[in-house]
Amino acid sequence: KLGLKASKADDFGAWYSEAVIESEMISYYDVSGCYILRPNSFSIWEKITDFFDKGIKELGVQNAYFPLFVTEDALNTEKDHVEGFAAEVAWVTKSGQSELDRPIAIRPTSETVMYPYYAQWIRSHRDLPLRLNQWTNVVRWEFKHPTPFIRTREFLWQEGHTAFATLPEAEEEVLQILDLYAKVYTDLLAVPVCKGKKSAKEKFAGSLYSTSVEAFVSATGRGVQGATSHCLGQNFSKMFKIEFEADDGSKQFAWQNSWGLSTRTIGVMIMVHGDDKGIVMPPRVAPLQVIVIPIPAANLTDAQRAELSSTTADLVAQLKKAGVRVQCDDRDNYRPGWKYNHWEVKGVPIRLELGSKDMEKKSAMVARRDTGAKEAIMLTDVAARVPALLEEIQADMLARSSAQFEECKEVATTWEDFMAALERKHMVLAPWADEEEVEDDVRKRSATADAMGAKTLCIPLEQPELPPDTKCFASGKDAKNWALWGRSY
Ligand SMILES: O=C(C[C@H]1NCCC[C@H]1O)Cn1cnc2c(c1=O)CCCC2
Ligand SMILES: [Mg+2]
């Protein structure tokens with residue numbers, strides 16, 4: 001059977017597992033929760049890192065590298081946050097046969113690695129702002145069911161850690177980074193996101209407030225946090241004594257941010273765009289954008305065969321010159337149908353078929369992976385048309401996924417409408433009291449036998465009008481704002 005065995009609509013988990021394997025993005029590994037990122041997925045991470053790294057450097061952020069290991073004492077400096085996560089911290093307890101006299105943690109995130117040194121480096125307001133980022137791996141020994149890219153025990157990410165003399169400077173950066181995160185999703189991955197603030201319950205315990213970009217997987221009706229940008233206020237500078245002498249001579253605690261985006265981005269892209277034929281790659285991140293497949297007729301003369309291969313080689317050369325990532329599959333031990341499937345599973349955005357009758361008409365047949373649409377293109381137009389078509393595909397993918405996102409977002413002001421929307425596997429924009437106990441209550445009351453309860457995904461930065469006297473959909477108390485609710489990963 002061509003395409004995947006599992007269907008995305010019928011068995012999403014099986015579909016996703018099969019898609020990441022058949023597309024050669026992932027290989028399973030013999031440590032649970034860990035996966036091998038093969039070239040087809042790692043090249044996407046390279047595009048994301050190139051884009052984001054350029055963006056933060058334009059903002060004045062510098063890259064550095066801090067050690068993988070954290071001492072027990074350092075890690076416990078922020079113990080009231082870590083205790084919630086203590087079970088996730090992985091420890092080195094021995095080397096060879098000998099026990100370490102003190103266990104050493106593997107970084108689950110690097111605040112406690114970096115901030116003792118921030119305290120050493122920052123003495124005067126002239127040392128600010130200090131804005132460092134690192135591209136690393138981190139380890140979190142999650143116990144929930146692992147999912148490639150989405151929830152893994154080791155993952156790649158970037159973590160930005162910045163310090164400013166004033167809160168306004170920090171707050172400005174929080175939103176600059178959030179904008180960059182949104183662009184990673186919309187401009188590279190063709191995935192729409194909602195920018196918002198996290199509720200008190202959902203925010204990072206160590207932050208003053210957290211902002212995030214939230215994506216939505218319509219196939220499962222679950223939201224997924226795409227990336228986070230936290231304003232830490234002076235919480236960490238007080239813990240780590242990151243103080244500076246202000247220009248008026250007073251000693252003040254620095255104002256800090258931290259922000260992170262991980263290889264989870266790739267999983268979101270797969271879940272949003274994939275179909276029953278496999279992965280659908282947005283052209284801007286596709287490792288291979290065009291596969292050229294010559295289709296020699298059975299009874300070709302040597303001359304005709306030679307002409308077909310030289311025309312094919314010429315097309316590939318023209319497309320390469322036009323900056324297109326292109327390959328030719330002229331293997332003679334596979335028939336065309338097998339090849340179509342082979343490259344569709346990998347999500348190659350464009351297939352260019354070159355058959356003998358096409359040759360006579362000096363044209364090629366181009367097939368789009370996202371819609372399956374085919375169009376004949378004159379050979380002389382290929383080098384101009386294909387780059388334009390790739391951009392059209394990118395735009396169309398974002399337009400379709402954005403329309404899907406809006407379709408999956410319902411407004412509700414009553415409990416009944418809220419629950420009905422969840423039943424339809426949708427997100428719900430609802431006015432609420434913005435109180436943690438209300439959120440706890442909704443989580444419990446909205447859980448059903450076969451589905452987890454809903455949480456707030458974010459409080460959208462773009463708030464709809466809130467008429468006076470609007471009541472919280474769940475508690476009946478006065479509503480403070482609109483939150484986007486949903487089941488989530
Ligand atoms: O990591 C963060 C906050 C922050 N870390 C840096 C990047 C941005 C942002 O994610 C929150 N967090 C999540 N998970 C864990 C910890 C933790 O602090 C610490 C212990 C192990 C698990
Ligand atoms: Mg976690």
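This is a predicted model: local features need pLDDT of at least 70, side-chain atom pairs count only at pLDDT 80 or more; totals for chains, interfaces and linings use all residues.
1. Across the whole structure, a search finds 29 salt bridges, and a few individual pairs deserve a look.

2. Take Lys-198 and Glu-214, whose closest N and O atoms are 2.7 Å apart in a salt bridge. The two residues come from distant parts of the chain, 16 residues apart: Lys-198 belongs to the loop between β9 (194-197) and β10 (209-217), whereas Glu-214 sits in strand β10 itself. Both Lys-198 and Glu-214 are buried.

3. Arg-368 and Asp-370 also join their side chains in a salt bridge, at 2.6 Å from N to O. Are these two partners buried or exposed? Asp-370 has a relative accessible area of 16% and is therefore buried, since the cut-off for that label is under 20%. Arg-368, at 11% relative accessibility, counts as buried too.

4. Next comes the salt bridge between Lys-477 and Glu-435, with 2.5 Å from N to O. Lys-477 is in the loop between β22 (455-460) and β23 (481-488), and Glu-435 is in the loop between β21 (427-432) and α14 (436-445), so this pair ties together parts 42 residues apart in sequence. Lys-477 has a relative accessibility of 37% and counts as partly exposed.

5. Now for the rings. The count of aromatic pairs comes to 23. One of them brings together Tyr-118 and Trp-121, with ring centres 6.0 Å apart and planes at 35°, so the pair is classed as tilted. Both residues lie in helix α5 (residues 111-121), 3 residues apart, which is about one turn of the helix.

6. Which rings have a charged end sitting over them? The ring of Phe-143 has that of Arg-153, 5.6 Å from its centre. The ring of Tyr-209 has that of Lys-197, 4.6 Å from its centre.

7. Finally, do have a look at helix α8 (residues 264-273), which is mostly covered, with 9 of its 10 residues buried. Among the buried ones are Arg-264 and His-273, as well as Ile-266, Val-268 and Met-269.

Conventions: Residues are numbered from 1 along each chain as its sequence is written. Chains are lettered from A and ligands numbered from 1 in the order in which they are written. Side-chain values use heavy atoms; hydrogens and water are left out. Buried means under 20% relative accessible area, exposed over 50%, partly exposed in between (1.4 Å probe, protein chains only). Helices (H or I, at least four residues) and strands (E, at least two) are DSSP runs, numbered from the N terminus. A salt bridge is a side-chain nitrogen of Lys or Arg within 4 Å of a carboxyl oxygen of Asp or Glu. Rings of Phe, Tyr and Trp (its six-membered ring) pair if their centres lie within 6.5 Å; planes under 30 degrees apart count as stacked, over 60 as edge-to-face and the rest as tilted. A charge sits over a ring if NZ of Lys or CZ of Arg is within 6 Å of the ring centre and within 35 degrees of the ring normal.
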